[in-house]
Every structure is written in C-alpha cells, then in structure tokens.
Amino acid sequence: MKWIAATPSLDQHPDRVAICYLARRFNLEPVLILKLYQQGIVTEKTIADFLYPSITHLYDPFLLPDIKKAVYRIIRAIQNKEKILIFGDYDADGMTATALLYEGLHFFGASVTTQLPLRSEGYGLSASCVENLPSDISLVITVDNGSSAHPAMQVAKQRGIDVIVTDHHEVLGEHPTCHAFVNPKRKDNTYPNTDLCGAGVAFKVVQALHELAKLDWHKHMWNYIEFATIATIADLMPLTGENRVITWLGLQKMNRSPSPVLNKLFSLLRLSKIDSTTIGFQIAPLFNACGRIDDPNLACEILKSKSALEIELRQLLEINQKRKRLTKEQFSRIEKRMIDEQLHQKRVIIIQDDFHAGLIGILASRIAERFRKPAIVMTNNGVASARSVQGSSEYVINFV
C-alpha cells in the first residue's frame, strides 16, 4: 500500500509561484502561506484579514432578523422609564450574555434588572417565571434562550408584557410569538455569521443601540468584547470569521487592560497570559460550576459588578472545587457499579442513582469517553443526560 498526500507539497503545488509571492508580501515562510491555502485563504485580502483581524471586520448588526424592532422597543422602554428584565441562562454563555446586555442597557440609562434560572427550575423562560414577575415589568429580554418558550409567550401576552427573544439555538418549530425574535439560526436569517453564541447576539444588539445613538462603536466596543469572547470560547463556537475577530479583539483586551473584575479574577488564578486554553479550562468552568451546583445569579452579579470583592471571587473557586469533588465521588460510584453489574457490556450504558442533576452531563460524558459507548445518566427524580461516544452533544431529558 502506498500513501498519497491529501494535498500537494509546496514544491509540487500548482500555485507555488503565487504562494511564494504572498510569503514575501507578508514576510512569512512559504509553508505558512501553504497552510492558509489549504484552508481556502488564498488572496492578499483574505490573508490580511486572517492575520490582522480588525473591528472593521465585524458585520452590520442590522442584518440580523428583527433587530430593528428589538432596539426600537428597547429605546422606547428607556425613554418611557419602563422596567426591563433580562432573563438569561445558567451556563457561562448565559451569564456573560446577561451581564453584557445589562452593561449596555445600563449605559443608556435603562431601569434594568436581571434573572437567571436555577438548574432545578429548568432551562429557558418558563410560563411560571412570567406569571411570577413583578407587576411593574413591562419588557422582558431573553439572552441565550427563548426560541422555544411558547407557553411563556402566551402568559406574557396575557399580562401585557412585551418579550424580545435574543438567542442562538436551533429553531426547531414555530417562531415564538414575541415582539421581536433575534436569532441567526432563523430560516429567514440574512446575517453572515450563523455561529454567534448567546453573548455574541447580545453583543450585536448593544452594537446596534450604539450605532443608532451615533456613538463611536470603535471606542465603546471594548467595554463589551471580553464577555463576548469568554462566551464564544466557553460555548465551543467555531473560531472562524467574525467569531475569530471577536475572540482576537477580546483576548487583546484581556491581556492588555482587562476590566477590573476580570483583572482580579486573573490575579486570583495567577494567570499571566489569557488565551483560549485558559478561558476554556480555567475561567469558563468557574461560571459553569456555579450554574451546575449553585445559584448562577451569584456569578452574574459578580460579572455585572464594577468592583467585585476578592471574597466573592473566591466563592466561585470554592464552588468549582466542590463541583470537582462531587464529580469525582459520583464517578467512583459509577465505576464500581459498572464492574459489579457488568454495565460496560451493554450496547448503551444506562445508569440511575441519586446523582446531582447539575453533574449528570459531565458524568455521561466521562462514561462515554471511558467505555467508548453511548451513555445515559439519570437522577432518581427522572432527569437524564445522554452523551454520544464523541461527547459532542448533551441531551437533557426529563421523564417526570
């Protein structure tokens, strides 16, 4: 058997002359330009855009569906001094998206509060949540959720509450009957980047508000880019196109002049350089842990704060350590049962116990990775999480 290279080497490449020219043009080794060629980056402009991301590469936010309706309603609420609630999610994307939009609305003088659900309350804006809202709330803005919150929309309509949904998840059914539905996954979407995270969509809403107010987005963007970057990495969004621009700029900001809260957090973690690895494995887990086993509103309040106390940040570290300890203890019980009950011989591994509901996704992922079989981990209350062998997706099922 003879192995054949999938792509030609530089010496045999049909565009060798062009590659060498571009290498001299950008003062790079030809082999680096060859690698870019292999990714479809083949012109001076696309190479320059890749090597030197700029704020000018961000797309026009008004290409997003319904965003004009959303920002005009927000502006009216601010002018009329209406009470606004931002409703987020209990993961790192939801927390940062909530804090980001809060910062943007607060900048424009809005009367705004935030709320994130506990994991035990379930994902997304629910009908019961809307029923229990204070009577003075007239506008609800969801971030990182809401695309399938149809019962909540019905209750909001009955109560005379307008809802703006900003989300990035797949739209599996009918659009929610809300005032505005901003989601790049809509079938009628015209926005070039369909891979924005929840905080990325919130980032574009804030950008639209600034542009309508004729403010210099190049200047104000730096107040929001860090949270959009953390969320893009934490939510495992593709780091290409606009997402790569957002993370490039956000990492620059975090390494050069981080916001006071993040600066304290980086110091506490003893991080001298911030990159996608430190965010993915050291920073994002702190917020995700809070959402898994504690109150995500705690982490969100820290992100919203201009001067979080060290004791508050240490609480996040302690929650994450507790999450690690619980995960280790519960996975040890799983390993024992796997041996005692020969569960590893099953085609699909299904296991139920008094597991912490916030950890079943992690446990299912570890089982699938360890035993190379699909896994379903279920609590005694009937909540289950399923993971494939690749571990690329988490499916949460409630059998109650």
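Predicted model: local features only at pLDDT ≥ 70, side-chain atom pairs only at ≥ 80, totals over all residues.
Helix α11 gives the second largest pocket the largest share of its lining, four residues. Residues are numbered from 1 along each chain as its sequence is written, and side-chain values use heavy atoms, with hydrogens and water left out.

Some terms for the elements and the pocket come first. Helices (H or I, at least four residues) and strands (E, at least two) are DSSP runs, numbered from the N terminus. A pocket is an open set of points on a 1 Å grid over the protein atoms alone, where a 1.4 Å probe fits, with protein on both sides within 12 Å along at least five of seven lines; lining residues have an atom within 4 Å of a point. A volume is the space filled by probe spheres set on the points, which are joined across faces, edges and corners.

The volume of the second largest pocket is about 380 Å³. Its lining holds 15 residues, and those nearest the centre are Ile41, Phe50, Thr240, Gly241 and Arg244. Both α3 (44-51) and α11 (241-256) supply at least two lining residues each. Sorted by class, seven of the lining residues are nonpolar, five polar and three charged. Here Ala, Val, Leu, Ile, Met, Phe, Trp, Tyr, Cys and Pro count as nonpolar, Asp, Glu, Lys and Arg as charged, and the others, Gly among them, as polar.

I turn now to the sheet. In what order do the strands of the open sheet lie? The order is β2-β1-β3-β4-β5, five strands with parallel pairing. Two strands pair if DSSP finds at least two bridges between them. At the edges are β2 (111-115) and β5 (180-182), each of which pairs on one side only. From one strand to the next, the twist averages 20 degrees. Such angles run from 0 to 180 degrees between N-to-C directions, and axes are lines fitted to C-alpha atoms, for helices over the stretch in contact.

Strand β1 (residues 83-87) is joined to β3 (residues 137-143) by five bridges, and the two run parallel. In this pairing, Ile86 stands opposite Ile141 of β3. Helix α5 packs on the sheet, where it touches β1, β2 and β3, and its direction makes about 135 degrees with that of β3. Contact means heavy atoms within 4.5 Å. Five bridges also join β1 to β2, again in parallel, with Lys83 having Ser111 of β2 as its bridge partner. Four of the five residues of β1 are buried, so the strand is mostly covered. Buried means under 20% relative accessible area, exposed over 50%, and partly exposed in between (1.4 Å probe, protein chains only).

Not counting residues up to four places away in sequence, Tyr102 touches Ile86, Val112, Thr114 and Lys304.

Next, the helices. Why is α10 (residues 225-234) described as largely enclosed by the rest of the structure? Nine of its 10 residues are buried; among them are Ile225, Phe227, Ile230 and Ile233. The buried residues of α10 pack against α5 (92-107), α8 (198-212), α11, α12 (260-268), α13 and α14.

Two of those helices also meet each other. The axes of α13 (residues 276-293) and α14 (residues 296-304) come within 7 Å and cross at roughly 145 degrees. Phe287, Cys290 and Gly291 of α13 meet Pro296, Leu298, Ala299 and Leu303 of α14. This contact comprises six nonpolar residues, one polar and no charged.

Most residues other than glycine have a negative phi, and most peptide bonds are trans. Lys81, in the loop between α4 (67-79) and β1, has a positive phi near 60 degrees; it is exposed at 70% relative accessibility. Lys214, in the loop between α8 and α9, also has a positive phi near 60 degrees, and is exposed with a relative accessible area of 74%. Just after α10, Leu236 takes a positive phi of about 60 degrees.

Leaving aside neighbours within four places in sequence, His220 is in contact with Phe107, His210 and Leu215.
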